[in-house]
Amino acid sequence: MILDSETKAVELPEHHGDELRLWLRLLTCTTLIEGEVRSRLRERFDVTLPRFDLMAQLDKVPEGMTLSDVSKRMMVSNGNVTGLVERLVESGHLDRRTSDADRRVQVIRLTKAGRAEFRKMAAEHELWIADVFGDLTPKDVRELMRLLAKTKASAQKSAKARAG
């Protein structure tokens with residue numbers, strides 16, 4: 001049996017600090033949940049997680065966004081977004097036009113069909129996530145949210161200090 005990094009760290013705790021074990025636990029949970037969501041999106045809708053994420057960003061802004069804004073929100077390069085956009089335009093999910101303010105800038109938005117299909121996927125996605133966290137009580141969820149917010153703030157503080 002192949003062990004993940006978290007299991008290895010727990011089995012030999014003297015070789016790993018608590019913070020490292022925490023990092024590995026967070027990474028393991030993220031990987032498990034993301035893998036489950038990817039599988040369900042592929043099986044149920046024949047769509048990739050990056051396509052779903054792009055559509056989710058655009059669903060929040062009906063008037064559309066520039067490719068650069070989408071890239072920033074998704075934390076990926078413009079090149080990664082361009083390929084996704086091309087495929088979604090070809091499939092009729094996205095509409096692309098040149099910005100009125102700057103002819104060099106393209107604005108993308110969901111088509112009516114793209115929005116309807118995304119919302120169907122999003123509704124099921126929400127049920128999947130509820131299923132994944134189904135063994136947690138509402139109190140567990142609130143406590144985990146509190147602790148993750150504290151973790152995020154700590155990570156941001158560390159990154160800011162390192163940046164100078």
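The dialogue below takes up the annotated domain, the salt bridges and a surface patch.

Modeller: Please keep in mind that this is a predicted model. The UniProt annotation "domain: HTH marR-type", from an unreviewed entry, covers residues 19–153.

Colleague: What are the helix and strand percentages of residues 19–153, and how far apart are the end C-alpha atoms?

Modeller: The span is 71% helix and 9% strand, and its end C-alpha atoms lie 15 Å apart.

Colleague: How should I read a salt bridge, and how many does a search of the whole structure find?

Modeller: Side chains of opposite charge can pair when their charged atoms come close. Here the search of the whole structure finds 11 salt bridges. One of them joins D59 and R115, with the closest N and O atoms 2.8 Å apart. D59 belongs to helix α3 (residues 49–59) and R115 to helix α6, so the pair ties together parts that are 56 residues apart in sequence.

Colleague: Are D59 and R115 buried or exposed?

Modeller: Both are buried. For R115 the relative accessible area is 16%, and the cut-off for buried is under 20%, which is why R115 is placed in that class. Leaving aside neighbours within four places in sequence, R115 is in contact with L58, D59, P62 and L110.

Colleague: Which strands are linked by the salt bridge between D95 and R109?

Modeller: D95 forms a salt bridge with R109, the closest N and O atoms being 3.2 Å apart. The pair links D95 in strand β2 (residues 94–98) to R109 in strand β3 (residues 106–110), 14 residues apart. D95 counts as partly exposed at 29% relative accessibility, and R109 is also partly exposed, at 32%.

Colleague: Where do E143 and R146 lie?

Modeller: Both lie in helix α7, three residues apart, which is about one turn of the helix. E143 is partly exposed at 36%, as is R146 at 44%. Elsewhere, E36, R40 and D131 are linked in a network of salt bridges.

Colleague: Which residues make the nonpolar surface patch, and which helix gives the most to it?

Modeller: The patch, of about 530 Å², is made by V132, F133, L136, V141, L144, M145 and L148. Helix α7 (residues 138–163) gives the most, with four residues. V141 lies in that helix and counts as partly exposed, at 36% relative accessibility.

Conventions
Residues numbered from 1 in each chain as written. Predicted model: local features only at pLDDT ≥ 70, side-chain atom pairs only at ≥ 80, totals over all residues. Heavy atoms only, no water. UniProt positions renumbered as here; feature names shortened; annotations may be inferred. Helix = DSSP H or I, 4+ residues; strand = E, 2+ residues; numbered from the N terminus. Patch = residues over 30% accessible without salt bridge, like charges linked within 9 Å, V, L, I, M, F, W, Y side chains within 5 Å. Areas by Shrake-Rupley, 256 points an atom, 1.4 Å probe, with all protein chains shown as cover. Salt bridge = Lys/Arg side-chain N within 4 Å of Asp/Glu carboxyl O. Buried < 20%, exposed > 50% of the residue type's maximum accessible area, 1.4 Å probe, protein only. Contact = heavy atoms within 4.5 Å.
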